[in-house]
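Hello,

Here is the structure I promised to hand over. Please have a look at it first, then read my notes below.

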Amino acid sequence: DLLGVDERKRYLVLFQNEGEIRSTGGWLTSYGIVGVEGGQIRELFVDDIYNAEGTLKVQNKRFTPPRSMSNALKITDWPFSLVNWHPDLSDTLTEAEPFIYELGKGTPLEGLITIDVSFVEELLKKWGGIEVPGETELVTSENLNSKIFQMHEEFVPGSTQKTTFLANLANEIVKKLLSMNIADLMGIADIFEKTLDEKHLQATFKNKDAYNFFSSRNWANSMSNEYNDAPISIDWNWGGNKANLYLDKNYSLTINVRDEDTVDFIYSITVENSSTENVYPEGDYINYQRIYIPPQAKILRISGIEDNDYSIYRESGFKVIGGWFNTPIESINTLDVSYRIERKDGASNFPIVIQEQNAFLDINLFKQPGEKKYAYKLDITYPSTWNLESSQGLNSISNQLSGRFELNKDLEFPIIWRIPN
């Protein structure tokens with residue numbers, strides 16, 4: 001069905017630069033439409049995202065942003081380049097279709113694929129480089145970022161500056177991938193698996209079987225019900241720079257299982273900005289931070305948001321804490337959020353499941369697409385009367401569990417205790 005066995009299937013491809021992080025991975029630079037029919041590529045179009053915005057502007061086509069986006073960024077018109085506000089790829093696919101329709105590219109779309117610079121770098125390493133129209137030298141993994149910086153030194157949010165190089169690069173990458181035979185594709189299978197796992201390449205589909213296949217492997221950036229306990233952190237760089245390339249982060253999550261009906265979460269993000277000057281691509285990290293927590297969670301404490309000015313609202317089945325969490329050049333900043341979940345609040349998806357004399361807790365940690373491999377510290381305490389039976393991937397001392405790792409992909413930690421009568 002995906003290959004158009006009965007009719008043409010059309011897919012949207014979004015090219016992202018994670019040096020300027022956004023919800024689904026990065027700042028949108030280019031977009032593409034790929035049409036597949038009878039197992040063959042029958043349609044291929046790639047263009048700069050700002051060309052698309054220029055077309056829509058000339059046609060006086062206007063779109064209303066989601067309320068949370070309008071409140072956060074203080075915008076009333078929704079440009080195509082900001083269509084990836086929601087982190088769930090299926091939401092982005094739904095929101096992108098009206099833009100594609102008004103651009104005259106036709107609908108419906110059957111799926112969405114996101115590609116970021118890290119995926120392209122991996123391909124260029126394998127290929128040794130690629131020829132791009134307008135470039136006098138081969139584009140390689142070594143000179144890719146310098147060429148991107150050269151094209152965007154004057155970029156600021158809202159700019160209509162063209163990104164011809166990135167559009168041409170995206171076009172050449174897609175053409176080469178789609179023209180490869182099976183043997184050549186198998187030769188880069190490791191790149192696909194690695195970048196899908198680490199969310200530098202993601203895809204979602206309307207076909208339920210395809211969606212379930214990708215979602216079950218954490219390749220669809222689906223914020224499903226399994227993320228019903230641990231917080232989800234989503235950054236949105238609004239500084240017009242590539243400060244994300246100069247950041248180091250440390251995440252810390254402490255979970256206190258007070259009893260079988262009450263669980264406390266203490267979450268901390270520490271960001272260090274090693275930028276030394278406010279000159280592109282370096283600079284202050286101006287970041288609208290969103291923390292997604294369970295809808296029934298009782299917030300106990302929030303600190304670190306700029307001027308202590310934050311919003312709390314419901315969206316996509318979560319309670320969301322949103323506010324500016326900025327880190328100036330050569331500085332360190334910390335955000336802390338703590339909350340409590342209680343079974344008595346009628347939570348249908350309470351984190352701890354009791355079956356006979358066993359208690360089960362699955363901790364699912366969500367990695368934002370495009371993010372680098374940052375350090376994560378997980379600590380769990382539980383009642384001393386509970387007997388630990390399984391704690392995959394975590395160290396155990398007395399009634400405490402702990403883990404130190406790099407969050408390079410979504411991770412799951414299933415825990416089982418035996419509890420007294």
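A word on labels: helices (H or I, at least four residues) and strands (E, at least two) are DSSP runs, numbered from the N terminus. This is a predicted model, so local features need pLDDT of at least 70, side-chain atom pairs count only at pLDDT 80 or more, and totals for chains, interfaces and linings use all residues. Residues are numbered from 1 along each chain as its sequence is written, and side-chain values use heavy atoms, with hydrogens and water left out.

Confidence comes next. pLDDT is the predictor's confidence in each residue, from 0 to 100. The protein chain has a mean of 93, and 95% of its residues reach 70 or more. Residues 157–162 fall below 50. Beyond near neighbours in sequence, that stretch has 13 contacts in the model (contact means heavy atoms within 4.5 Å).

Now helix H3 (89–102). H3 has 14 residues and reaches 20 Å from its first C-alpha to its last, close to the 20 Å expected at 1.5 Å a residue (the expected span is 1.5 Å times one less than the number of residues). H3 bends by about 30° at Ala 96. The bend is the angle between axes fitted to the seven residues ending there and the seven starting there. A proline, Pro 98, follows within four residues. Just after H3, Gly 104 takes a positive phi of about 80°.

Several H3 residues are buried, including Leu 93, Ala 96 and Phe 99. Buried means under 20% relative accessible area, exposed over 50%, partly exposed in between (1.4 Å probe, protein chains only). The cover over the buried residues of H3 includes strand S1 (9–17), strand S2 (27–37) and H1.

Last, the salt bridges. The structure holds 27. Each is a side-chain nitrogen of Lys or Arg within 4 Å of a carboxyl oxygen of Asp or Glu.

- Arg 62 pairs with Asp 77, with the closest N and O atoms 2.7 Å apart. Arg 62 lies in the loop between H1 and H2, and Asp 77 in the loop between H2 and H3, so the pair ties together parts 15 residues apart in sequence. Arg 62 is exposed at 60%; Asp 77 is partly exposed at 37%.
- Lys 147 meets Glu 137 at 3.1 Å, N to O. Lys 147 sits in helix H5 and Glu 137 in the loop between H4 and H5. Lys 147 is buried at 10%, while Glu 137 is partly exposed at 44%.
- Glu 122, Lys 125, Lys 194, Glu 198 and Lys 373 are linked in a network.

Best wishes
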